[in-house]
Amino acid sequence: MKADFAVINAGQLITAAGYSERPKRGPELNELGIINDGAVAAKEGLIVAAGSTADVMKQVELTGDAMLIDAGGKVVLPGLVDPHTHLVFAGSREDEFEMKIKGAAYLDILARGGGILSTVRSTRAAGEDELIRIGEKYLAEMLSQGTTTAEVKSGYGLTVADELKQLRAIRSLQKMQPVELVPTFLGAHAIPEEYKGKPDAFVELVIGEMLPAVACSGLAECCDVFCEEGVFSVEQSRRVLEAARKLGFALKLHADEIVPLGGAELAVELGALSADHLVAVTPRGIERLAASNTVAVLLPATTFCLMGSKYAPAREMIAAGVAVALAGDFNPGSSPVNSLPVVMGIACRQLKMTPAEAISAVTINAAHAIGRASELGSIEVGKKADLVIFDAADYRSIAYRFGTNLVDKVIKAGRLVAGGKS
Ligand code: IZC
Ligand code: ZN
């Protein structure tokens, strides 16, 4: 069999294989499918062989111009998948950072016209080119830390024209850099200033004008809503998501982050791909999630950045059989963190997830949370050759040494896209 790309001599090849059909739950999260002295070979971007270096090299014949990378005993993982980001925005919110240190609460800042609304003002004022330029910089940072696929939400425009501007910026970014992007329409992210006191009229605008325009443009795959006290109620969220589902969008929901409104239950009821945050999820919400294919996307860097004392009950969810994933939530307010290894480091320490569970949560389960598990998220024949080589001999180092970027090389679809030293 021919191959035009191979990585050989991985000290630990973490395949995360066997879960393309359904996400990992319970003890499965600790199964990493590790191959010692492993290798991966690919042709035209897709994996054609994975196994021990000896076996793979017996199976494949490298083409004359093939790229061969010797991992030299390092750890090799599937490319990391960030299933929840808000990475296309203008401006930043250091002022809010300082206000939070002094005790201000996230929802109070928003209610006073700051928070998301401050980023809406900057993003509306920015040209599409500026959004692209800023987004490109953030994506390069993410790639250099191992992210090869990221979901990206709109939601800082909140008019038809400005939401489309953000979504077009995402499409342009897809064409100019290697991180694969999954675009999500988040028109119901906040009630904009011009609709203050008229939330239902804004929901009408989202359903009646924004959703049809976005569907027509083909610029988004998923639709999300910020279901939270003082933002969008469960009923308003249901109306938006039901309308989105009719138009063919896959669904996601910011659920039960601060106040337990029943967002998890709503996400399950509507067959959403994921319910995200879940810091305040109820026992009933956990039960519903466990009995569904909706992935619980946990964002512990957000809790850390909001200086919260209570984290999502990951252990209870895993024990109940909920399919858990992790994401960065990269945004200028509640999580200016775009490193998945940092998220893994916080998840191990604060959610008490094991290093192996954290890896499952940013690879195959994260791929399920964005509807891409048949194509990526694990190292298996037929999937995209998305790989990260970490300068470590033990996979646990990634979460253990968080804050130090251990990424040595990043490969997207069989192409070396970061850290090309050899
Ligand atoms: O800009 O604050 N939680 N949306 C919901 C966010 C955080 C992003 C922001
Ligand atoms: Zn979010």
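A residue counts as buried under 20% relative accessible area, as exposed over 50%, and as partly exposed in between. With a relative accessible area of 43%, Met307 is therefore partly exposed. The model described here is a predicted one. Met307 sits in the loop that runs between helix H11 (300-305) and helix H12 (314-320). Together with Phe97 and Ile101, Met307 makes a nonpolar surface patch of about 320 Å².

The metal site comes next. The zinc ion (ligand 2) is held by His84 (NE2), His86 (NE2), His254 (NE2) and Asp329 (OD), at 2.0 to 2.7 Å. Along the sequence, these donor residues follow the spacing H-x1-H-x167-H-x74-D. The pair of His86 and Asp329 links distant parts of the chain, the two residues being 243 residues apart. His86 belongs to the loop between strand E6 (80-82) and helix H2 (94-101), whereas Asp329 belongs to the loop between strand E13 (324-326) and helix H13 (340-350). His86 and Asp329 are both buried.

The geometry of the site can be judged from its angles. Four donors count as tetrahedral if all angles lie between 85 and 135 degrees. Around the zinc ion (ligand 2), the 4 donor atoms subtend angles of 77 to 163°, so the arrangement is irregular. For reference, the ideal angle for four tetrahedral donors is 109.5 degrees.

Charged side chains give another view of the fold. The structure holds 27 salt bridges. In one of them, Glu96 meets Arg93 at 2.6 Å, N to O. Glu96 is classed as buried because its relative accessible area is 3%, and Arg93 is classed as buried because its relative accessibility is 4%.

Another salt bridge joins Glu194 and Arg124, whose closest N and O atoms are 2.8 Å apart. Glu194 lies in the loop between strand E8 (180-188) and helix H7 (199-217), while Arg124 lies in helix H4, so this pair ties together parts that are 70 residues apart in sequence. Both ends are partly exposed: Glu194 has a relative accessible area of 38%, and Arg124 has a relative accessibility of 28%.

The closest N and O atoms of Lys165 and Asp162 are 3.5 Å apart. An α-helix has 3.6 residues a turn, so residues three or four places apart point the same way. Lys165 and Asp162 are both buried. Beyond such pairs, salt bridges also link Glu180, Glu221, Arg372, Glu375, Lys384, Asp386 and Lys412 in a network.

Helix H4, which contains Arg124, also contributes to packing. Within this helix (residues 116-125), the buried residues include Ile116, Leu117, Ser118, Thr119, Val120 and Thr123. The buried residues of H4 pack against helix H3 (106-111), helix H5 (128-144) and helix H6 (160-176).

Gln350 is part of helix H13 and is partly exposed, because its relative accessibility is 40%. Between the C-alpha atoms of Gln350 and Glu44 there are 41 Å, and along the chain these residues are 306 residues apart.

Conventions: Residues are numbered from 1 along each chain as its sequence is written. Chains are lettered from A and ligands numbered from 1 in the order in which they are written. This is a predicted model: local features need pLDDT of at least 70, side-chain atom pairs count only at pLDDT 80 or more; totals for chains, interfaces and linings use all residues. Side-chain values use heavy atoms; hydrogens and water are left out. Donors are N, O and S atoms within 2.8 Å of the metal (3.2 Å for Na, K and Ca); water is not among the atoms, so sites may look incomplete. Four donors count as tetrahedral if all angles lie between 85 and 135 degrees; four count as square planar and six as octahedral if opposite donors are over 155 degrees apart and all others between 65 and 115; anything else is irregular. Helices (H or I, at least four residues) and strands (E, at least two) are DSSP runs, numbered from the N terminus. Buried means under 20% relative accessible area, exposed over 50%, partly exposed in between (1.4 Å probe, protein chains only). Patches are made of residues with over 30% relative accessible area and no salt bridge: like charges are joined within 9 Å, nonpolar side chains (Val, Leu, Ile, Met, Phe, Trp, Tyr) within 5 Å. Accessible areas come from the Shrake-Rupley method with a 1.4 Å probe; for residues, only the protein chains shown count as cover. A salt bridge is a side-chain nitrogen of Lys or Arg within 4 Å of a carboxyl oxygen of Asp or Glu. Contact means heavy atoms within 4.5 Å.
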